[in-house]
Amino acid sequence: MFYDVCHVIEKEDRYEVEVDMVGGESLIAGLVKLNPDNIEYSIQHIINSNLRFVYIVKRDSKNAPANWNEFLRQIVDCRLTEERQTFLHIPKVIANHADEERSLMYLTTNGGDDEIIQFWVLDPELRKILSELETRYRSQVEN
């Protein structure tokens with residue numbers, strides 16, 4: 001899954017699992033742990049790829065998953081399937097993996113040129129930063 005980025009993202013900073021599904025199919029899920037060495041590259045090359053969501057954990061949080069591969073399997077288990085497409089079951093992910101030290105950012109499109117970014121954040125400091133960003137973004141778009 002990370003063949004194109006393995007020259008930049010260290011092995012200990014990328015996790016991937018393949019989960020078997022019914023009908024002999026499988027679903028691949030991956031995770032990149034951001035750090036100062038890879039954040040610029042990740043922003044430029046990974047965020048605009050097939051990324052679906054960002055899981056934000058405060059540094060040194062006791063709530064960070066001990067086993068990231070198992071975390072990915074849990075996320076894959078939180079899915080909705082419609083015909084041939086699979087979608088993340090956002091309410092289930094939020095219920096199981098969000099609190100004041102853990103947040104979620106979900107990236108989607110509307111099928112046109114619009115990108116939609118949704119945040120689920122309980123941390124008051126992070127909410128303030130997001131509110132300021134929203135105000136600045138809206139003023140640029142609306143003017």
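## Contacts and overall make-up

In this predicted model, 45% of the contacts in the protein with a separation of 6 or more are between residues 24 or more positions apart. The secondary structure consists of four helices and seven strands, and the order of the elements from the N terminus is β-β-α-β-α-β-β-α-β-β-α. Of the 143 residues in the protein, 27% are buried. Carbon and sulfur atoms hold 48% of an accessible surface of about 10600 Å².

## The hairpin of β1 and β2

Strands β1 and β2 make up a hairpin, with five residues separating them. In the turn, G23 has a positive phi of about 80°. The pairing is antiparallel and runs over seven bridges; R14 is bridged to V32 in β2. The residues of β1 divide between two faces: Y15, V17 and V19 lie on the covered face, while R14, E16, E18 and D20 lie on the uncovered one.

Five residues of α2 are listed as buried: W68, F71, L72, I75 and V76. These residues are on the same side of α2 because the arc they cover around the axis is only 140°.

The elements with stated residue ranges are set out below.

| Element | Residues | Detail |
|---|---|---|
| Strand β2 | 26–32 | antiparallel to β1, seven bridges |
| Helix α2 | 68–77 | buried: W68, F71, L72, I75 and V76 |

Key. Residues are numbered from 1 along each chain as its sequence is written. This is a predicted model: local features need pLDDT of at least 70, side-chain atom pairs count only at pLDDT 80 or more; totals for chains, interfaces and linings use all residues. Side-chain values use heavy atoms; hydrogens and water are left out. Buried means under 20% relative accessible area, exposed over 50%, partly exposed in between (1.4 Å probe, protein chains only). Two strands pair if DSSP finds at least two bridges between them. Contact means heavy atoms within 4.5 Å. Accessible areas come from the Shrake-Rupley method with a 1.4 Å probe; for residues, only the protein chains shown count as cover. The arc is that of the directions from the helix axis to the C-beta atoms.
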